[in-house]
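Here are my notes on the aromatic pairs and the strands. Have a look at the model first, then read on.

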Amino acid sequence: MKRALYFAIIYLASMLVGTIAFATLFMFSCNLNMFVTGQSVSFFSLHFFMTGILLSIPLVCILIQILLILYIIRHPKCQLVSLIMYLVFGLFSWIFVIPMDLKLVSRYESDDVLARVETSSTGVFRKESNGVYYFTRIGDDGSADGLFFDTTGYLGQEDAVVPLFNVPVKNESAFPYSDILIKNSLQPNQLVTYPLSIYNALLTSAQYSASLGFWAWLAFASMGLALLSVYGTQFMSSWKLANVACVIISAVVVLLINYFYYMNILPDILKELAGRLSNFTGLKDPLIVLINLIITVLCIAVGIFMGIYRLRGVESEE
């Protein structure tokens, strides 16, 4: 009973803290996307914060699954109770929490969530790919006066200073930010953007699957089953640190396999197999369901085999 209570506290506390943390980061990111140097900005936006909560809940649920396994590795007592609570919270997340959240995202999300500001500000030097811009006036219609310093020979004469009169302000090079200065200062590297792009792609696929109905969502949720089965990889080694690595690597592999499938990054032979299985079964994504089920069976088999092996090893030492 005490173990089950600990699991419930960890699950609820992690959900609360993780969701608030990611929602706050999302809100700040959206505000920075819209921020223009020299203009005032409010860093708290209820709309962005609420959207961040909805978008981050599936990610938090996945991270909690891994966190619970790591907690079990650190505190290996009462394995049966731990397994039961782990399955209860995992299935609860994938059957109720995530599908309900995806429905709310579809209703709440709007086109202006990541909107950019198409204006600029005066009195600031902005270095772009073809030179440096300095605006002295920006009209209500978006036209501007100022100077252009041709540092690259863009206009045929390097280091030339060209007056600008009533020209439209273009900040496409700042995308996804509104100001090139913010982009140059704060744009994260690929170690951050690539995992986020993977999560965004999986989230989009999850929303689409949920919108198609129960069976389509069940097919996508097979990924959740494969992630739950990663539990079995914690018995791979007698070293706790090695088991932590096995759990994390296994979870990442599951996510990448599903990402490659839904992004159609597959060998031609698998694409052909997916088409044949879909025509034969009448289901939309039977191949990824089959792959996730195979991963699930393998992880469970590894867990049972290695668990028995470790148990016999302990008994023989005694």
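1. Ground rules: rings of Phe, Tyr and Trp (its six-membered ring) count as a pair if their centres lie within 6.5 Å, with planes under 30 degrees apart called stacked, over 60 edge-to-face and the rest tilted. By that rule, the whole structure holds 16 aromatic pairs. One of them is Trp94 with Trp217, stacked at 6.3 Å centre to centre and 25° between the planes. That pair ties together distant parts of the chain, 123 residues apart: Trp94 sits in helix α3 (residues 79-108) and Trp217 in helix α6 (residues 214-220). Helices here are DSSP runs of H or I with at least four residues, strands are runs of E with at least two, and both are numbered from the N terminus.

2. A caveat: this is a predicted model, where local features need pLDDT of at least 70 and side-chain atom pairs pLDDT 80 or more, while totals for chains, interfaces and linings use all residues. Residues are numbered from 1 along each chain as its sequence is written, and side-chain values use heavy atoms, leaving out hydrogens and water.

3. Trp94 and Trp217 are both buried (under 20% relative accessible area; exposed is over 50%, partly exposed in between, 1.4 Å probe, protein chains only). Ring pairs also link these two with Phe220, Tyr261 and Tyr262 in a cluster.

4. Now the strands, which pair if DSSP finds at least two bridges between them. β1 (residues 125-128) and β2 (residues 131-138) are antiparallel over 4 bridges, with Phe125 opposite Tyr134. β2 also runs antiparallel to β3 (residues 143-150), joined by 6 bridges.
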